Amino acid sequence: MEDSANWLEVVTAIGAIATPILVLILSGIGWRIRVGLDRQFQLEDKLRDDRIETYNDILEPFVILFTSDAAWKSDPKNKSREKNQIAQQKLLSQEYRRKAFKMSLVGSESVVTSYNDLMQYFFQRGEQQGVTPSENEIVEMISLVGKFLLEIRKSMGNEATKLDHWQMLEWFITDARRYRSEAKA
């Protein structure tokens, strides 16, 4: 009996010593995890701000392209300016390339991939300059822009969005639903 009483005292003493040590170790681990998560959240907040600015800069020529002619001409500063030419100049400028380079660094992988697809379309179209795009080419271009917008939406925290790339366009392209049905055909 005396052995079991001594044994119980030893276990109790070990428990009394080990408990504060374990609490200290677990608190240290928890603190390290918290500091790491806080740092990650701060970096993501800063990255989000950079992404918003960069995405807005990258989208500017597309906003110009998809602005209706009437809306473009109604702005006094655009009276004598051709919107397609302005958008093309922006797309080909060194400043735009710099912004696109920045986007390739701060943008999510899916945004960069969809942007690459869109730009490859324009690069291939560039070989046919002066040729009016066919209806199928217009549908393809609009679809690629919609995919790009959708990936931007997802990268800004809406990963579970139920919208598709055509719905991303309906608010500013009059014939978006018609183009959507043509794309399905």
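The protein chain contains seven helices and zero strands, so that its pattern along the sequence reads α-α-α-α-α-α-α. The radius of gyration is 28 Å, well over the 16 Å that the globule rule gives for 185 residues, and the chain is therefore more spread out than a compact globule. Along the principal axes, the C-alpha atoms fill a box of roughly 100 × 40 × 30 Å. Of the 185 residues, 29% are buried. Among contacts with a separation of 6 or more, 55% are between residues 24 or more positions apart.

The model is predicted. The mean pLDDT of the chain is 86, and 94% of the residues reach 70 or more. Among the elements, the lowest mean pLDDT, 82, belongs to helix α7 (residues 176-184), and the highest, 94, to helix α4 (residues 94-106).

Helix α4 packs against helix α5 (residues 109-126) at an angle of about 145°, and the two axes lie 10 Å apart. On the α4 side, the contact involves Tyr96, Arg97, Ala100, Met103 and Ser104; these meet Val111, Val112, Tyr115 and Phe123 of α5. By class, seven of the residues in this contact are nonpolar, one is polar and one is charged.

Burial was also examined in helix α3, which spans residues 83-92. Here Lys83, Ile86, Ala87 and Leu91 are buried. These residues are on the same side of α3, because they cover an arc of only 135° around the axis. An α-helix has 3.6 residues a turn, so residues three or four places apart point the same way.

Technical notes. Residues are numbered from 1 along each chain as its sequence is written. This is a predicted model: local features need pLDDT of at least 70, side-chain atom pairs count only at pLDDT 80 or more; totals for chains, interfaces and linings use all residues. Side-chain values use heavy atoms; hydrogens and water are left out. Buried means under 20% relative accessible area, exposed over 50%, partly exposed in between (1.4 Å probe, protein chains only). Helices (H or I, at least four residues) and strands (E, at least two) are DSSP runs, numbered from the N terminus. The arc is that of the directions from the helix axis to the C-beta atoms. pLDDT is the predictor's confidence in each residue, from 0 to 100. Axes are lines fitted to C-alpha atoms, for helices over the stretch in contact, and angles run from 0 to 180 degrees between N-to-C directions. Contact means heavy atoms within 4.5 Å. Ala, Val, Leu, Ile, Met, Phe, Trp, Tyr, Cys and Pro count as nonpolar, Asp, Glu, Lys and Arg as charged, and the others, Gly among them, as polar. The radius of gyration is taken over C-alpha atoms; the globule rule is 2.2 Å times the number of residues to the power 0.38.
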